Amino acid sequence: MKNKNLLLTIVALVAVVVGGIFLTNQKNDKKPQVEGETVRVGVLQFVTHEALDEIYRGIQDGLAEEGYKGDKIKIDFMNAEGDQGKIATMSKQLVSNGNQVLVGIATPAAQGLANATSDLPVVMGAITDPVGAKLVKSLEQPGANVTGVACPEPIAQQLDLIKKMMPNAKTLGVLYSSNEDNSKLNVERFTELAEKEGYTVLAYPVPSSNEIAATMSVMTSKVDAIWIPQDNTIASAFKTVVASNKEAKVPIFPSADTMVKEGGLASVVVSQHGLGISTGKMVAKILKGAKPAETSVDVVDQGTPIINKKVAAELGITIPEDVEKAAGEIVE
Ligand code: TRP
């Protein structure tokens with residue numbers, strides 16, 4: 001008798017504990033992903049350029065690493081080709097297409113998605129300044145349906161590299177688009193720091209890629225070096241930037257490895273593919289039930305130097321030995 005009672009008590013206790021765990025899980029995870037189910041992820045890329053293409057490849061690789069590959073995932077991909085009107089319509093489509101999580105690659109795309117929904121989770125792919133772009137309340141506690149990966153330029157390291165490679169430079173030109181929040185904010189940060197270190201900074205905002213060639217011909221006659229932030233308009237027309245510098249041969253320090261490979265001189269950068277992988281993993285986390293409001297933004301800002309030796313030779317610049325040694329990547 002005694003034993004039977006004890007057994008009943010134990011069974012009852014176990015039932016309460018297991019039931020409790022089950023209920024708590026249910027509460028934290030309203031729509032848990034069912035094993036074997038195909039998840040649907042909508043992706044909006046702002047424009048085509050090498051860096052964003054690389055980020056998209058990284059996102060797919062990051063998702064695959066977390067098991068979302070083959071028939072486990074259906075990606076609904078759209079590219080707005082730099083068109084604000086398309087951002088709005090595509091964002092609406094991605095919201096109504098039955099996707100579980102949305103991803104915005106570059107600031108204007110993430111802003112479009114965030115405007116289109118206040119409940120579907122939106123993951124930011126490689127956003128320079130999520131707070132400045134009003135995408136999240138704070139990096140630690142995003143507060144609503146948006147979280148993701150931030151990649152502020154490692155400005156201090158970049159400036160340090162300019163100083164080491166061009167010890168006599170006094171005037172720095174900055175080329176960026178006047179329509180991108182991501183650039184405006186970081187141009188301010190760069191200007192403040194460079195001026196503090198004694199440089200004269202001349203800013204050259206362009207309203208669109210159509211003005212790049214004319215702007216370059218003016219700016220190259222006035223500056224010793226050119227710095228470029230992670231600007232989508234400039235990145236998508238980087239060939240024009242390089243072509244318009246053929247005669248003047250002013251060293252260009254752009255904020256992405258892809259632009260250094262396409263003819264920039266050097267920079268300190270984070271890997272675009274790596275940014276994509278981090279974004280893909282964040283999407284996986286959200287698919288598994290994490291809430292964007294409480295999932296802190298992943299900030300990737302530890303840069304590695306990259307130098308284009310071919311460009312250095314063309315410009316007649318000798319790379320200091322310690323700079324070459326510290327480089328994570330050398331483009332020959
Ligand atoms: N950070 C940019 C944004 O917020 C997007 C971006 C990521 C980018 N990597 C880049 C732009 C490289 C130009 C070059 O919109």
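From which domains does the shell around the ligand draw at least three residues each? Color domain 1 (39-151 + 273-299) and domain 2 (155-269 + 304-331) separately in this predicted model. Each of the two supplies at least three residues of the shell.

Next, select the ligand and display the cavities. The ligand sits in the largest cavity.

Now show the shell itself. There are 18 residues around the ligand, and those that come nearest are T107, A126, T128, Q230 and Q272. Color the shell by residue class: 10 are nonpolar, seven are polar and one is charged.

Select α2 on its own: its three residues are the largest share of the shell from any element.

Move on to the polar side chains, starting with T107. A polar atom in the T107 side chain lies 2.5 Å from an oxygen atom of the ligand. Go from there to T128, where an N or O atom of the side chain is 2.8 Å from a nitrogen atom of the ligand. Finish this set with N182: an N or O atom in its side chain is 3.3 Å from an oxygen atom of the ligand.

Last, show the protein surface around the ligand. On its own the ligand has 360 Å² of accessible area, and the protein covers 100% of that.

Technical notes:
Residues are numbered from 1 along each chain as its sequence is written. This is a predicted model: local features need pLDDT of at least 70, side-chain atom pairs count only at pLDDT 80 or more; totals for chains, interfaces and linings use all residues. Side-chain values use heavy atoms; hydrogens and water are left out. A residue is near a molecule or strand if one of its heavy atoms lies within 4 Å of it. A polar contact is a pair of N or O atoms within 3.5 Å; within protein, one must be able to donate a hydrogen and the other to accept it, and residues adjacent in sequence count only if both atoms are side-chain atoms. Accessible areas come from the Shrake-Rupley method with a 1.4 Å probe; for residues, only the protein chains shown count as cover. On a 1 Å grid over the protein atoms alone, a cavity is a set of points where a 1.4 Å probe fits but cannot get out, and a pocket is an open set with protein on both sides within 12 Å along at least five of seven lines; lining residues have an atom within 4 Å of a point. A molecule sits in a cavity or pocket if more than half of its atoms lie within 2 Å of its grid points. Helices (H or I, at least four residues) and strands (E, at least two) are DSSP runs, numbered from the N terminus. Ala, Val, Leu, Ile, Met, Phe, Trp, Tyr, Cys and Pro count as nonpolar, Asp, Glu, Lys and Arg as charged, and the others, Gly among them, as polar. Domain bounds come from an automatic or database domain assignment.
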